[in-house]
Amino acid sequence: MVESLKQKSEVNRLRDTDHKINDTTAGAVAEASVPVSSVISSAVNPSETSLLQMYRQTMELQDMDANAVSPLALAYLGDCLYDLAVREYVIQHYPGNINRMNKQKTMLVCAHAQSEIMGYFLGNNMLTEEEQNLYRRARNQKSETHSKNSSILEYHRATGFEALIGWLYIRKEYARMIELIGIGTRHLLEIAKKGNTES
């Protein structure tokens, strides 16, 4: 009974945040006051662009229309891209024991964490109108499965986040993709830091 009430409360909280999506475009993250955004939003290094071009040529990958790719396929790609970024971060900031690294990685990559990131973006009007539309389209997709450690609402929101990352990648909006990953990761780390301070 108590667990059921907690679940209902969490679902209502997530729904409330989703309803706060502002139809005006926010574009830049002016009010976010997240230091990482000012660093990450700068132009992609030419050598990094060359690496991506080499990868695309080697794998014989053609340009795609991101809007023509299914939202679940975008999420499939975005999940991998976000996971890669987090793994590299964890290797650098939590070196040594693989179990320790994996624990940190799991905290940042799970559906609950990705849902939290998306709620943060939406609650602070950090997404453009086009990005919000893509998120909604992906969030509303029917999925046959969902994470056993998250609610269906969290899973759908996480799917929207992953799809957004995949969509930006296919559109070659690398700076924006990295910016959102950086802001989202920093937000999760700040939450974890506050939790450790309070306990």
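Q: Among contacts in the protein chain between residues at least 6 apart in sequence, what share joins residues at least 24 apart?
A: This is a predicted model, in which local features need pLDDT of at least 70 and side-chain atom pairs count only at pLDDT 80 or more, while totals for chains, interfaces and linings use all residues. Residues are numbered from 1 along each chain as its sequence is written, and side-chain values use heavy atoms, with hydrogens and water left out. Contact means heavy atoms within 4.5 Å. Of the contacts between residues at least 6 apart in sequence, the share joining residues at least 24 apart is 80%.

Q: How many helices and strands does the protein chain have?
A: Helices (H or I, at least four residues) and strands (E, at least two) are DSSP runs, numbered from the N terminus. The elements run α-α-α-α-α-α-α-α-α from the N terminus on. The totals are 9 helices and 0 strands.

Q: Is Ala66 buried or exposed?
A: Ala66 lies in the loop between α3 (46-58) and α4. Buried means under 20% relative accessible area, exposed over 50%, and partly exposed in between (1.4 Å probe, protein chains only); buried residues make up 38% of the 199 residues in the protein chain. Because its relative accessible area is 3%, Ala66 is buried.

Q: What distance separates the C-alpha atoms of Ala66 and Leu168?
A: Leaving aside neighbours within four places in sequence, Ala66 is in contact with Leu74, Trp167, Ile170 and Arg171. Ala66 and Leu168 are 102 residues apart along the chain, and their C-alpha atoms are separated by 8.0 Å.

Q: Which backbone nitrogen does the side chain of Glu131 reach?
A: Glu131 lies in helix α7 (residues 129-139) and counts as buried because its relative accessibility is 3%. A polar contact is a pair of N or O atoms within 3.5 Å; within protein, one must be able to donate a hydrogen and the other to accept it, and residues adjacent in sequence count only if both atoms are side-chain atoms. At 2.9 Å, the side chain of Glu131 reaches the backbone nitrogen of Thr128.

Q: How are α7 and α8 oriented to each other?
A: Axes are lines fitted to C-alpha atoms, for helices over the stretch in contact, and angles run from 0 to 180 degrees between N-to-C directions. α7 and helix α8 (residues 152-170) pack at an angle of about 130°, with their axes 8 Å apart. Angles under 35 degrees count as roughly parallel, over 145 as roughly antiparallel, 65 to 115 as roughly perpendicular and the rest as oblique. At this angle, α7 and α8 are therefore oblique.

Q: How many nonpolar, polar and charged residues are in the contact of α7 with α8?
A: Residues of α7 that meet α8 include Glu131, Leu134 and Tyr135, and those of α8 include Phe161, Leu164 and Trp167. Ala, Val, Leu, Ile, Met, Phe, Trp, Tyr, Cys and Pro count as nonpolar, Asp, Glu, Lys and Arg as charged, and the others, Gly among them, as polar. By class, the contact has 8 nonpolar, 3 polar and 4 charged residues.

Q: How many nonpolar, polar and charged residues are in the contact of α4 with α9?
A: Helix α4 (residues 71-93) and helix α9 (residues 174-198) pack at about 55°, with axes 11 Å apart, and are therefore oblique to each other. The contact is made by Leu81, Tyr82, Ala85, Val86 and Tyr89 of α4 and Met177, Ile181, Thr185, Leu188 and Leu189 of α9. By class, there are 9 nonpolar, 1 polar and no charged residues.
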